[in-house]
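Thanks for coming. I will take the two chains in turn, then where they meet.

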Amino acid sequence: MEIIQIVGLALIATVLILVVREQKPMFAFLLAAFTGIFIFLYLIGKIDIVITVLEDLANRSGIPSIYLKTILKIIGIAYIAEFGAQIVRDAGQESIASKVEFAGKVLILVMAVPIISVIVETVIGLLPAGG
Amino acid sequence: MVTWLGDWLRDIIAVIMLAVFMELLLPNKAMQRYARLVIGLLILLTILSPVLRLLQGDFSSRLSDSVRQWEMGSGTQDIKMPTLQDIQKDAENLSKRRDSQAAALTQQTLEKAMANAVSERTKAKVEQVDVELKWVAEGSRRTPYLSKVTVTMAAVEASQPGKGDAAQDTKPDVQVDEVKPVDVSIKVDTGSVESGATGKSSAGDELAEDAWMKVSPALGDKVRSVLADGWGVNPEIVLVRQPAANDRRH
């Protein structure tokens, strides 16, 4: 039961942070960041199962692997950006956190550039050449 | 037809299921709009795929090509400060280019000036002067020096049959002998001096290739002295020639 471990860890960390915060706010932040990173890394391995299912689905249906790659990249970017933004937000730097999220959004949109270019080329190719 | 339709539908359904999974996996709502856009494009591409395939053949390979290109492009556009070595290399290239431009300019100017001076002082017509510059390294700097000067005189009129007198009119002070038999080589390449007598027999070099023949020794010496006076050109690197009598004027 991993969820019990994780919730236990989170509760202990929360109590410790509450205790420490009065004396040393710096260490409270470090503790929070470490707990967050630990849980993230602990669970990132579990996503493996979901990704395997997705890959299996993609292989069986015969859709191009480039689609799956794009989708997985989007998920990864979203998770990492969200994670980093939350840690930064915990430290009280709201503006930097929003910049991190902005970077994540931009990078997700960048994923779309090759797809958009193919579609635009096709639409232009559909138009009669002579106008 | 039915199998093709089935394949197409299966593709669409698979992509939509992928999209649903992805929406589940997305961590927060903020990213969802952006991710939805990309997924929407993918679904559009899947739905359009029969049209695309009809119009432009294999589009999936082109798509993966462009993705790969994009990834490579975004991988190399890391922000990078130029190192000192890069800057120095750039500077070296720039100065090399500047040197060669300056050398080209020098060459042109020299050619023009030499042609003017030779035609003025010898009263012979000069068709062309070619100056070859070579580089010598002096420490870190490279300086050009004259390695070869080729003076092409205009075709001698005397070698045309029936015009022997005309040549003496044009170049009265130089052409003392009859020009035609005196195809004397004064071609002096760097180092090797050929006398006039051997020049005829051993002139199997580039000079004697039909198109060119040597000018009279007097004219050649005069040209050399002009160049030596004006520019300090070593007479040994001066080659004076003229178009051969037979195939000039084409």
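**Two chains and their contact**

From the N terminus on, the elements of chain B run α-α-α-α-β-β-α-α-β-α-β. That is seven helices and four strands. Helices here are DSSP runs of H or I with at least four residues, strands are runs of E with at least two, and both are numbered from the N terminus.

Before going on, a word on the source. This is a predicted model, in which local features need pLDDT of at least 70, side-chain atom pairs count only at pLDDT 80 or more, and totals for chains, interfaces and linings use all residues. Residues are numbered from 1 along each chain as its sequence is written, and chains are lettered from A and ligands numbered from 1 in the order in which they are written.

Chain A has five helices and zero strands, so its pattern along the sequence is written α-α-α-α-α.

Now burial. A residue is buried if 20 or more other C-beta atoms lie within 10 Å of its own, exposed if 12 or fewer, and partly exposed in between, with C-beta atoms placed from the backbone. In chain B, 24% of the 250 residues count as buried. In chain A, 20% of the 131 residues do.

Next, contacts. Two residues are in contact if their C-beta atoms, placed from the backbone, lie within 7 Å. Taking contacts in chain B with a separation of 6 or more, 60% are between residues 24 or more positions apart. For chain A, among contacts between residues at least 6 apart in sequence, 43% join residues at least 24 apart.

Let me stay with chain A for a moment. Helix H3 of chain A, residues 65-90, has 26 residues. From first C-alpha to last H3(A) reaches 38 Å, close to the 38 Å expected at 1.5 Å a residue. The expected span is 1.5 Å times one less than the number of residues. Just after H3(A), A:Gly92 takes a positive phi of about 90 degrees.

H3(A) packs against helix H4 of chain A, residues 94-111, at an angle of about 175 degrees, with the axes 8 Å apart. That makes H3(A) roughly antiparallel to H4(A). For the terms: axes are lines fitted to C-alpha atoms, for helices over the stretch in contact, and angles run from 0 to 180 degrees between N-to-C directions. Angles under 35 degrees count as roughly parallel, over 145 as roughly antiparallel, 65 to 115 as roughly perpendicular and the rest as oblique. Among the residues in this contact are A:Ile74, A:Ile77 and A:Ala81 of H3(A), and A:Val100, A:Gly104 and A:Leu107 of H4(A). By class the contact has 13 nonpolar, three polar and four charged residues. Ala, Val, Leu, Ile, Met, Phe, Trp, Tyr, Cys and Pro count as nonpolar, Asp, Glu, Lys and Arg as charged, and the others, Gly among them, as polar.

Now to where the chains meet. How many residues of chain B are in contact with chain A? There are 36, and they touch 35 residues of chain A. The elements of chain B that give two or more residues to this side are helix H1 (2-25), helix H2 (29-56) and helix H3 (59-76). H2(B) gives the most, with 16 residues. The side of chain B that touches chain A has 27 nonpolar, six polar and three charged residues.

One residue of H2(B) to look at is B:Leu45. B:Leu45 counts as buried because it has 22 C-beta neighbours inside 10 Å. Leaving aside neighbours within four places in sequence, B:Leu45 is in contact with A:Ile115, A:Val118 and A:Ile119.

H1(B) has 24 residues and reaches 34 Å from first C-alpha to last, close to the 34 Å expected at 1.5 Å a residue. The buried residues of H1(B) are B:Asp11, B:Ala14, B:Val15, B:Leu18 and B:Met22. What does H1(B) cross in chain A? The partner is helix H2 of chain A, residues 25-61: the axes come within 9 Å and cross at roughly 170 degrees. That makes H2(A) roughly antiparallel to H1(B). The contact includes A:Leu54 and A:Leu57 of H2(A) and B:Ala14, B:Leu18 and B:Phe21 of H1(B). The residues of this contact divide into nine nonpolar, one polar and two charged.
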